Structures are given as C-alpha cells and as structure tokens.
Amino acid sequence: METPVRVSFQGSTPSEALTALINEQVEGLERLYGRMTSCQVIVRVPDRHHRTGGLFAVNIHAVLP
C-alpha cells in the first residue's frame with residue numbers, strides 16, 4: 001500500500017488491540033488485492049442511549065486503481 005492504514009475511533013477511546021486486529025485484517029485484504037493504494041477504517045461506538053442492537057459501526061474506505 002502506498003499510505004499506511006488509518007484507523008480512527010468515534011465515541012470511544014482508541015484501542016490498541018482493536019487497531020492491531022484491524023491492521024491484520026487489512027493486510028489480508030492487501031494479500032488478496034495487492035494493488036490497494038490506501039485504506040481508512042472508522043469505528044463508531046454509539047453512546048449507550050442510542051444503541052440499536054449492535055455495539056459498533058465500522059466503515060471501511062479502501063482505494064483501488
């Protein structure tokens with residue numbers, strides 16, 4: 001990849017363990033499609049008053065040629 005993976009957390013403090021797991025998964029994607037140029041992962045943790053069944057919402061923005 002041309003740029004490092006960007007992982008951001010919204011609604012919680014950053015987790016080193018979750019960031020490491022995300023980086024491992026992105027490496028797997030990169031092995032499948034080696035031409036990925038960048039990847040941004042946003043992890044959203046809603047506050048406990050607005051949860052709708054799930055604990056996390058994860059958005060992945062991968063740039064491919």
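Mentor: Among contacts (heavy atoms within 4.5 Å) in the protein chain between residues at least 6 apart in sequence, 49% join residues at least 24 apart. The model is predicted, with local features requiring pLDDT of at least 70, side-chain atom pairs counting only at pLDDT 80 or more, and totals for chains, interfaces and linings using all residues. Residues are numbered from 1 along each chain as its sequence is written, and side-chain values use heavy atoms, leaving out hydrogens and water.

The mean pLDDT (the predictor's confidence in each residue, from 0 to 100) is 88 for the protein chain, and 89% of its residues reach 70 or more.

The protein chain has 1 helix and 3 strands, in the order β-α-β-β along the sequence. Here helices (H or I, at least four residues) and strands (E, at least two) are DSSP runs, numbered from the N terminus. Of the 65 residues, 17% count as buried, where buried means under 20% relative accessible area, exposed over 50% and partly exposed in between (1.4 Å probe, protein chains only).

Now to the core itself. A nonpolar core is a set of buried Ala, Val, Leu, Ile, Met, Phe, Trp, Tyr and Cys residues joined through side-chain atoms within 4.5 Å. The largest one has 8 residues: F9, I22, V26, M36, C39, V41, V43 and V45. Both α1 and β2 give two or more residues to this core, and β2 supplies its largest share, 3 residues. Beyond residues up to four places away in sequence, V26 touches M1, V5, M36, C39 and V41.

Strands β1 and β2 run parallel and are joined by 5 bridges; F9 has V43 in β2 as its bridge partner. Together, β1, α1 and β2 form a left-handed β-α-β unit. A crossover would be right-handed if, with the strands pointing away from the viewer, the path from the first strand over the helix to the second ran clockwise. On the other pairing, β2 and β3 run antiparallel with 7 bridges, and S38 is partnered by V63 in β3.

One loop residue deserves mention as well. T37 lies between α1 (16–32) and β2 (38–44), and T37 counts as buried because its relative accessibility is 18%. Leaving aside neighbours within four places in sequence, T37 is in contact with M1, E2, T3 and V63.

Definitions and conventions. Pairing = 2+ DSSP bridges.
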